[in-house]
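I opened my notebook to work through this structure step by step. My notes follow the order in which I looked things up.

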Number of protein chains: 2
Amino acid sequence: MNDTRLIDIATALGISVTTVSKALKGYTDVSETTRAKVLEMVTSMNYKPNVNAVNLRTNETKTIGVIIPTMVHHFFSSVLNGILDEAENREYLVIILQSNEKYELEKKQIALLLQKRVDGILISLSNETDDFSHINEAIKKNTPVVLFDKIAKLVNCSKVVINDRKAAYDAVTYLIEKGYKKIAHFRGSYTPQNSIDRFLGYKKALEDHNIPYDPSLVYLCDHNADFEDGYANAQKLVNDHKDVDAVFAVTDLVAIGIIKYLNEIQIKIPEQIAVFGFSNWFMSTVISPKLTTIDQPGYDIGQRAASILINEIAQIKEHLPVTHQTIELPTHIIERESTLRS
Amino acid sequence: MNDTRLIDIATALGISVTTVSKALKGYTDVSETTRAKVLEMVTSMNYKPNVNAVNLRTNETKTIGVIIPTMVHHFFSSVLNGILDEAENREYLVIILQSNEKYELEKKQIALLLQKRVDGILISLSNETDDFSHINEAIKKNTPVVLFDKIAKLVNCSKVVINDRKAAYDAVTYLIEKGYKKIAHFRGSYTPQNSIDRFLGYKKALEDHNIPYDPSLVYLCDHNADFEDGYANAQKLVNDHKDVDAVFAVTDLVAIGIIKYLNEIQIKIPEQIAVFGFSNWFMSTVISPKLTTIDQPGYDIGQRAASILINEIAQIKEHLPVTHQTIELPTHIIERESTLRS
DNA sequence: TTATTCGTCGAAAACGTTTTCGGTAAAATC
DNA sequence: GATTTTACCGAAAACGTTTTCGACGAATAA
């Protein structure tokens with residue numbers, strides 16, 4: 001522990017810690033000559049401030065906390081990538097926690113982050129979460145929160161999302177315009193807003209094109225909205241409805257599960273059944289047939305969310321009024337083989 | 001900022017901060033009755049210690065730093081998953097940084113973590129890294145380091161790896177025993193140890209089975225050992241060598257690139273060319289044909305590495321001698337369609 | 001000349017803990 | 001009854017910064 005402290009360079013220079021500190025913090029009441037001497041000594045003695053002491057004194061940590069449902073997921077790791085890049089640029093560190101889609105864990109982790117005195121929190125809500133008091137508590141404690149992806153509209157804070165409803169609407173409209181008549185939807189669980197919105201977009205698109213909405217065509221993928229869900233429900237679908245000609249899935253993973261099952265029982269995609277995914281996960285370009293999907297800009301979501309959060313942290317520090325914003329990032333359809341009838 | 005402090009519950013109880021602190025830290029020189037009163041007041045006033053003050057006083061942060069080359073990668077996100085779980089169990093927080101495979105960035109990030117006074121560092125080296133002085137500096141500063149996955153044998157610290165050489169040897173031996181005669185290898189770049197080891201395992205397996213090693217059958221995937229690398233080199237391969245009947249790829253991503261190209265030009269897998277991957281990435285079960293690969297236990301690697309690191313942190317704190325260990329996690333072959341000739 | 005401003009510096013308090021050390025009263029020992 | 005032990009408590013220093021406030025000499029203004 002050969003860490004040099006303020007007092008070490010002060011004694012080396014025969015001046016006080018006060019002056020050294022001021023020289024480093026840009027105070028005007030220190031002469032240019034002594035400031036130069038301090039700066040020189042700082043580099044030669046390799047001085048690094050003790051962040052714990054700084055944190056205690058200034059009551060900020062230059063650290064933000066991130067809570068995501070799961071790390072092992074292309075979308076969320078892309079978001080994290082964006083967050084980490086923005087944080088690095090703005091000189092913030094990021095602490096990452098996984099809620100594993102559990103409300104209780106998420107709540108505990110918010111408390112943990114507050115106790116660790118992070119300067120702000122980024123969070124994508126767990127599927128279980130339908131009570132938001134833990135979020136509000138953070139806000140009440142003057143720790144800004146930015147919600148992304150899986151948000152709660154009721155919470156009074158900034159949010160970064162895509163317009164799931166519009167994206168889903170566009171997807172289903174695309175299918176209808178391609179001539180698909182009987183379109184099933186594999187939806188996510190009931191609580192997360194994006195799952196609800198995608199379902200509503202699906203429904204609205206049908207209605208706007210005079211196709212009656214048939215609830216029996218909607219399959220619930222509430223396990224984890226993953227591969228297995230798609231695979232299992234695809235089995236049910238082909239049993240229940242012989243005449244379905246397209247499926248809009250809540251997620252690429254679900255879509256891939258569907259494709260896998262349809263491939264196995266030799267149902268041709270898209271000739272017999274078309275499949276439309278959501279997220280533009282990397283592997284959607286690799287399976288056969290390649291998956292038509294919605295591009296969900298994970299990196300941008302993370303980067304924007306982190307940027308907004310850090311801005312709000314600065315505003316709070318300056319005692320400026322902070323106005324919350326909701327950013328909607330654009331999505332677009334990526335057309336590939338799984339919906340392209342020749 | 002209604003945070004209650006030690007002094008608040010002390011005055012509320014009419015005792016000193018010293019006694020309150022001692023009551024909470026389990027000192028014996030405080031009566032059970034006052035301890036009970038303190039505990040009660042702590043919960044009723046919702047006291048949480050100010051970590052910055054604690055950190056300053058105790059000179060530890062209960063935080064570990066993690067540096068990985070990239071986040072958006074199934075293997076690394078699995079590792080992180082293991083790290084986060086272990087850290088959560090042991091009540092450590094984790095700060096994550098991405099080196100983007102850049103040595104300079106990695107070096108800067110090590111310095112940053114040291115300045116932030118993390119209690120320990122987990123790192124998987126970037127491909128560029130061939131100088132290890134930044135790692136040694138951390139160790140010299142009494143901050144334990146555990147290397148995982150992409151390690152440097154020369155550095156004197158604990159390591160968690162798989163035996164890449166043996167795993168590759170097993171893979172190629174498997175191919176040979178299945179009757180494949182001319183086996184190509186798509187290798188990773190020259191610096192990372194695991195890339196070298198997989199290549200050496202490939203070569204050794206050939207030699208041990210009396211198959212002459214042919215350097216022209218080895219293709220370098222040094223872009224990022226990713227999808228594009230496999231795809232591009234697969235083109236070269238089928239041009240150069242008409243009679244190759246199997247490829248052992250350094251990574252599932254590369255293997256998937258190969259499969260994609262072979263599928264496109266209608267070369268049958270495995271009938272004409274078999275493909276063997278490495279990592280058991282999730283998507284290897286989803287493409288067709290399903291990919292035979294090596295199971296690389298990412299979660300376990302992360303969990304074990306974090307566990308060892310936290311143990312070493314504890315040992316250093318107790319001034320016990322710490323003995324470094326190198327853990328080799330077992331791998332095994334996952335046989336799927338891409339090598340299974342009927 | 002005296003009064004005021006300016007430029008430069010340092011003492012000291014504060015942030016909220018933890019821990020050492022000594023002190024006092026009651027209980028136990030002689 | 002005198003001494004020692006035990007049980008319990010608190011004063012104070014320390015961790016390394018940041019920031020307020022006042023001080024002092026020199027330069028300027030009156």
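I sorted the residues of the surface near DNA strand D by class: 10 are nonpolar, 9 polar and 6 charged. I kept in mind that this is a predicted model.

Next I asked which residues come nearest to DNA strand D.

In chain A, helix H2 (17-25) and helix H4 (51-58) each supply at least two residues, and so do helix H2 (17-25) and helix H4 (51-58) of chain B. H2(A) gives the largest share, 6 residues.

I turned to the two protein chains. I found 32 residues of chain A in contact with 31 residues of chain B. On the chain A side, H4, helix H5 (74-89), strand S2 (93-98) and helix H11 (252-264) each supply at least two residues. I sorted that side by class too: 17 nonpolar, 11 polar and 4 charged residues.

Where does the largest nonpolar core have its most contacts? I noted Val94(A) and Val94(B) in a core of 172 residues. Leaving out residues up to four places away in sequence, Val94(A) touches Ile64(A), Val66(A), Ile83(A), Leu84(A) and Ala87(A), plus Ile95(B) and Ile96(B). I recalled that nonpolar side chains tend to be buried together in soluble globular proteins.

Last, I checked the domains of chain A. The assignment gives domain 1 (6-49), domain 2 (58-162 + 299-329) and domain 3 (164-296 + 333-339). I noted 64 Å between the C-alpha centres of domain 1 and domain 3 of chain A.

Notes
Residues are numbered from 1 along each chain as its sequence is written. Chains are lettered from A and ligands numbered from 1 in the order in which they are written. This is a predicted model: local features need pLDDT of at least 70, side-chain atom pairs count only at pLDDT 80 or more; totals for chains, interfaces and linings use all residues. A residue is near a molecule or strand if its C-beta atom, placed from the backbone, lies within 6 Å of it. Helices (H or I, at least four residues) and strands (E, at least two) are DSSP runs, numbered from the N terminus. Ala, Val, Leu, Ile, Met, Phe, Trp, Tyr, Cys and Pro count as nonpolar, Asp, Glu, Lys and Arg as charged, and the others, Gly among them, as polar. Two residues are in contact if their C-beta atoms, placed from the backbone, lie within 7 Å. Domain bounds come from an automatic or database domain assignment. A nonpolar core is a set of buried Ala, Val, Leu, Ile, Met, Phe, Trp, Tyr and Cys residues joined through C-beta atoms within 7 Å. A residue is buried if 20 or more other C-beta atoms lie within 10 Å of its own, exposed if 12 or fewer, and partly exposed in between; C-beta atoms are placed from the backbone.
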